[in-house]
Amino acid sequence: MSETDLKPKTQAKPKVERPHLYKVILLNDDFTPRDFVVSVLKAVFRMMESEALGVMMTAHRKGACVVAVYTKDVAETKATQATELGRSQGFPLTFTTEREE
Ligand code: TYC
């Protein structure tokens, strides 16, 4: 650095924040067959049968269940895909997303 160069008194602090994470939430309904819910969880969220069964039964009993956590884009894409799989068969199966605190 030459003598005429000005050195900044404070360094610009590189601010790299981690992305917000979003939960995908499965909602219960009275019409979608249990085995169809399980098949969607396996196909879209890459779950094993036992895990998918557990998530489906939790939603069935409690009204909703967190399926997985992703960045915003991935969460919204998977929630839409999974919901559309249900709609394509005439079921009201619904997946929503919610930002984590
Ligand atoms: N409640 C549905 C039934 O009894 C099954 C079901 C479970 C549907 C979980 C949605 O998120 C759900 N056929």
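**Exercise 1. Charges**

Count the positive and negative side chains of the protein chain in this predicted model, and state how far apart the centres of the two sets lie.

*Solution.* Step 1: the protein chain carries 15 positive side chains and 14 negative ones.

**Exercise 2. Fold order**

Work out which pattern of helices and strands the protein chain follows along the sequence.

*Solution.* Step 1: list the elements. There are three helices and three strands. Step 2: read along the sequence. The pattern is β-α-α-β-α-β.

**Exercise 3. Overall dimensions**

Compare the radius of gyration of the protein chain with that of a compact globule of 101 residues.

*Solution.* Step 1: a compact globule of 101 residues would come out near 13 Å. Step 2: the protein chain has 22 Å instead. Step 3: look at the box. Along the principal axes, the C-alpha atoms fill roughly 75 × 25 × 20 Å.

**Exercise 4. Burial and surface**

State what share of the residues counts as buried, and how much accessible surface the protein chain has.

*Solution.* Step 1: apply the cut-off, under 20% relative accessible area. Of the 101 residues, 31% count as buried. Step 2: the accessible surface comes to about 7,500 Å². Carbon and sulfur atoms hold 52% of that surface.

**Exercise 5. Backbone at R46**

Locate R46, give its phi, and decide whether R46 is buried or exposed.

*Solution.* Step 1: R46 sits in the loop between α1 (34-45) and α2 (49-62). Step 2: its phi is positive, about 55 degrees, though R46 is not a glycine. Step 3: the relative accessible area of R46 is 72%, so R46 is exposed.

Key: Residues numbered from 1 in each chain as written. Predicted model: local features only at pLDDT ≥ 70, side-chain atom pairs only at ≥ 80, totals over all residues. Heavy atoms only, no water. Helix = DSSP H or I, 4+ residues; strand = E, 2+ residues; numbered from the N terminus. Rg over C-alpha atoms; globule rule 2.2 N^0.38 Å. Buried < 20%, exposed > 50% of the residue type's maximum accessible area, 1.4 Å probe, protein only. Areas by Shrake-Rupley, 256 points an atom, 1.4 Å probe, with all protein chains shown as cover. Lys, Arg positive; Asp, Glu negative; His and termini not counted. Charge placed at Lys NZ, Arg CZ, Asp CG, Glu CD.
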